[in-house]
Amino acid sequence: MIKKIKNKGRVIVNKSRIGFRYLSVFKKPIVTPKPRIIFFCDGLFSHGGLLDRIKGIISFYEAAKILEYDFFIYFNHPFELNEFLLPNEVSWNIDKREMNFSVFDSKVIYGMNDFNFNPLDEIKKSKVQNYLVYANIDYLPTLYKNNTQKENERLWRTNFTELFVKSIVLENELITLPSLKRLVFHLRFTSLMGDFKDTTQNILNLEERILLIGEIMLQINEKVGDCPSELVYVVSDSSFFLDYIKEYTKFNVLPGKPIHVDFSNNDVISNQSHLKTFLDFFFISECDCIVMIRLDLMYYSSFSRYAAILGDKPFSIIQ
């Protein structure tokens, strides 16, 4: 009960912050050819990781297609999305100078961390010109309850491709990587290895870390034997674990230091660091076999699963 009250309070506070920043009683309503759904990642509060943001974007892009509304993305924190992903078939860029809306023809749609939320129901409650959206959930199963998982995965992949094409910066990084047959293991530790603070707060001591790594290596070595590839890569959010892989195994890691998009400071983290997250995602999507390992207290991440969806590649979980 207390948790529900806190969550409702957080929603009220965050929606008020959005309203104070973007809505004005002095701004005159502007007539646009169609109502507009504008998706925001602006750093007003926590938006989740990169994939969480993309899930929200793709969900409301689908809602815009259903309703035949125009769709835009305003993503400027902690980096400009255009640094890494550019518009493909949809001109989703919107100028910062347009980020001032009349309170009389605009509505804030807030679906952060709300799995019971229905985008269409919320939008249809109002007849306005501008819907200012904040969300981080994949709502395709909500929009299409009768679809199979494969059908929604195909739709997610289609929507991503319609929206985005890789920037030259990202493309140039990807083409430097080997194109041989690749098996990739993805592991998400969050705070377990003591690398950084995250939404979880458990930190293992050194002995516990070593024991967990030992269990992980048993699983990796067994899977490598079952899934022969020319190259084996390990992708993780833990520098501690990746350093172990580099020093004590024959497996490969990608360049760069992993960071979490939502736990970085725009003033001190360079775009080169954020590039690492995109590089991991697209690299995984292009591998021939994708395996996520989740043991004990490790975090259940959907990062590699959605990369597999994007690349239409085989995906499995060891847990």
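I take a salt bridge to be a side-chain nitrogen of Lys or Arg within 4 Å of a carboxyl oxygen of Asp or Glu. With that cut-off in hand I looked at E153 and R305, whose side chains meet at 3.6 Å, N to O, so the pair passes as a salt bridge under the 4 Å limit. I note at the outset that the model I am reading is a predicted one.

Next I looked up how the chain is divided, and I found domain 1 at 1-166 and domain 2 at 170-317. The C-alpha centres of domain 1 and domain 2 lie 28 Å apart.

I then turned to the interface. How many residues of each domain are in contact with the other? I noted 22 residues of domain 1 against 23 residues of domain 2. For the area, I recorded that the two domains bury about 2,200 Å² between them, and that 68% of this lies on carbon and sulfur atoms.

For the polar side of the interface, I found two salt bridges across domain 1 and domain 2, and three residue pairs in polar contact, with both residues of each pair at pLDDT 80 or more.

Definitions and conventions:
Residues are numbered from 1 along each chain as its sequence is written. This is a predicted model: local features need pLDDT of at least 70, side-chain atom pairs count only at pLDDT 80 or more; totals for chains, interfaces and linings use all residues. Side-chain values use heavy atoms; hydrogens and water are left out. Domain bounds come from an automatic or database domain assignment. Contact means heavy atoms within 4.5 Å. Buried area is the accessible area (1.4 Å probe) that two parts lose on being put together, summed over both. A polar contact is a pair of N or O atoms within 3.5 Å; within protein, one must be able to donate a hydrogen and the other to accept it, and residues adjacent in sequence count only if both atoms are side-chain atoms.
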